[in-house]
Amino acid sequence: MIAPAPKTSTAGDVILARIREALRIPAPLPHLKSHAAEAAVAPAAGSGLPALTVLPAEVGRPWLPDGGETSAERVRILTENLEKLRAVVLRVPDVAAAAAAIQVLVRERGWQRVAGHAHDLVEPVLTALPSAVHRVEAAARFDKNALEACDAGITACEALVAQTGSILVSSRTCGGRALSILPHVHVVVATVDQIVATVGDALHLARDRHAGRMPSMLSFITGPSRTGDIERILVLGAHGPKELFVVLVG
Amino acid sequence: MLAKKQFLRDAAAHVRDTGHRSFVRKALGGYHTNRDLQKARYRDWEHARDAASLAKWSAVNRLDELLPRFVANFEANGGQVHWARDAEEARTIVLDLLRAAKAKAIIKSKCMTSEEIHLNAAMEKDGYGVVESDLGEFIQQLRGEPPYHFVFPCMHVRRDEISDLFGKHLGSAPTDSPEELTMIARRHMRRLYVDADVGITGANFLVAETGQISITENEGNARLTAALPRIHISISGIEKVIENLDDLSVLLPMLATAGAGQPMTCYNTLYSGPRQPGECDGPEEMHLVLLDNQRTAILADPEQRDSLHCIRCGACLNVCPIFKNVGGFTYGTTYQGPIGSVITPHLRGLADWNHLSGASSLCGACTDACPVRIDIHHHLLHNRRNAARTAPSRLEKLGHRLFVVAARRPWLFAAGGAMFRRSLGVLKALRPPLLKAWLATRDLPPAPARSFRSQWAARQEGRSNPASVR
């Protein structure tokens, strides 16, 4: 455990005092264009500042990209988005079929070492694998070199987001921080009922599931690692996985 | 006045370099297409901008309440907060942390606040080797240059230059394939992530509700930087605080769409502190440096307070005709483009940096592109006004006085106009010093035969006598 840092320091006190002083004069509201947003800014009682409820009432935020109303719609939107992002979606009926599909991948690509973690969806896949399996466990010492030498990492996820084609992973339930980023290929095993409509829904789900104490890392993965730094030309596999497979069960 | 001279000199050189300008335009061409495609997926983009703008407005205007709330939650998760009033204090904090950690190898992901405080130079001076892991920043580090664009750091560099650079520094074989060049950097960097004992990152948002910091990136280098080293140090401006995860869920897609035409940036990661019991990996310590460095001065200006809403998406640079014609280095600032021209006078002083606000056509493309509705082009005007107030130009004052004298006397105004119409040709031929610079790149129109007032009078006469119209 780390010793708790002092609650405030001199520099912190100075900066907070500067902030309080600066905010004594209120700023004008931004120039809003839509009536719905204007309605969200209610005039404050008493103070000069308008009280902001910051748009909580608009469930689903009907102005962001669509995430789908029904389960079937969400599956369709998610699949379309993942394919546009150049991720590969494999739809399978059950966990046994997921294990079989991943075995085919391992054989076709000649993966020598595959990494995974303990999870109801991942364990059956790992036990059925023909190649060597590296297990990332909280109880064992973390071996960066062994993980780096793996061809692929197989993880579960917290949620899948239809709206953006994102996969939400966490350090608590998806094998830590490195498993989904260090190996050259990332394979996600998820069930259809893990699909949520929007980024906001996924964050709510994580907050409710981990009430009181968030995992030290929560990450939205949206397609294979990419860069456009050389002449703004898209290249996949900059530092993270070059390929991303989503095995969708159900 | 050194900065202004440098700007004028570099801008003049840059506008003549048509090869470079067309290269930059071409590189940005794809951005416009992708951004429009993604914007079209929003059911109401303008409403989404309102929401993003309000989220930032309410956070910045309640910074006194939200920043302490963020700090309390972040510390409760085991993270350590360090406050830095200015650049020097921030550098000292980071160097002290490196010393305490006995750091041997440092890996760094993209962090504009570290550019702002010139951290790399300070670390190198103290003998700490640091490697930039973002591909664009890595290329710029090897070239010994600052970023050209704060989101696309090496967008001005051609692939053959990168191939030569990698050949010289990494011993790689020449190639003209962007993919192969990316893989050379990838192979080089792998070992460095594994061996580093300290990882340094920036931060895009600080979520007060949960005490998490949010980092946005495409390459996975920030994920690796915050996963493998024993110590994670993050540097963030104090204005990055937002209230809650609901606001984040709007800002993340907006940042990606406005900045790079993506539905979401490839990795959007929330860190709440060091590795927790029951987790497989992660750093033992997490430190967050909260940087003021004149941000409270911007906060104290209610008129321009909204420039702290900036989420550094870079959209205003991508659409700016000035940026495209003078290039990123000409600004001489950490933050280039329209938003840089607004905030740099606050960060470094209005007297020396006001010229940036003059370098604008006031077309408003930046304001239209801004996902959080910062009134960028009006702030350029505000800077001009403030500069004129604090250090008025005598020549301009004299000019306005003379105009007042003439405008109050119609006969004098008419006489002046007639004289000007007749002498326009002579002025063009003579090129007096005051007009010389203007005429170097422009031409004067031919003088009209009659004054506006006489043309107007003739037109009114025609109106009252419809038969003569046309």
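Predicted model: local features only at pLDDT ≥ 70, side-chain atom pairs only at ≥ 80, totals over all residues.

Reader: What distance separates the end C-alpha atoms of α22(B), and what span should its 21 residues have?

Author: Helix α22 of chain B covers residues 410-430. At 1.5 Å a residue, its 21 residues should span 30 Å, and this agrees with the distance between its end C-alpha atoms, which is 29 Å.

Reader: Where does α22(B) bend, and by about what angle?

Author: The angle in question is taken between axes fitted to the seven residues ending at a position and the seven starting there. Beyond the helix comes Arg431(B), whose phi is positive, near 50°. Within α22(B), the bend is about 50° and its place is Ser423(B).

Reader: Which element gives the largest share of the side of chain A that touches chain B?

Author: In the contact between the chains, 82 residues of chain A meet 96 residues of chain B. The elements that give two or more residues to the chain A side include α1 (10-22), α7 (199-209) and β11 (217-221). By class, that side has 44 nonpolar, 23 polar and 15 charged residues. The largest share of it, 9 residues, comes from α1(A).

Reader: Which residues have the most contacts inside the largest nonpolar core?

Author: The largest nonpolar core has 189 residues, and the element that gives the most to this core is helix α12 (residues 245-260) of chain B, with 10 residues. Leaving out residues up to four places away in sequence, Val189(A) touches several residues, among them Leu121(A), Ile154(A) and Val249(A). The residues with the most contacts inside the core are Val189(A) and Leu251(B).

Reader: Is Met189(B) buried or exposed?

Author: Met189(B) lies in helix α10 (residues 178-195) of chain B. When neighbours within four places in sequence are left aside, Met189(B) is in contact with His239(A) and Ser133(B). The cut-off for burial is 20 or more other C-beta atoms within 10 Å, and because Met189(B) has 22 such neighbours, it counts as buried.

Reader: What is the phi of Gln294(B), and where is that residue placed?

Author: Gln294(B) has 18 C-beta neighbours inside 10 Å and therefore counts as partly exposed. Its place is in the loop between β10 (285-291) and α13 (295-299) of chain B. Although Gln294(B) is not a glycine, its phi is positive, at about 80°.

Reader: Which loop of chain B holds Leu362(B)?

Author: Leu362(B) also has a positive phi, of about 55°, although it is not a glycine. With 13 other C-beta atoms within 10 Å, Leu362(B) is partly exposed. The loop that holds it is the one between α18 (355-358) and α19 (365-369).

Methods:
Residues numbered from 1 in each chain as written. Chains lettered and ligands numbered in written order. Contact = placed C-beta atoms within 7 Å. Helix = DSSP H or I, 4+ residues; strand = E, 2+ residues; numbered from the N terminus. Nonpolar A, V, L, I, M, F, W, Y, C, P; charged D, E, K, R; others polar. Core = buried A, V, L, I, M, F, W, Y, C linked by C-beta atoms within 7 Å. Buried ≥ 20, exposed ≤ 12 C-beta atoms within 10 Å, placed from the backbone. Expected span 1.5 Å × (residues − 1).
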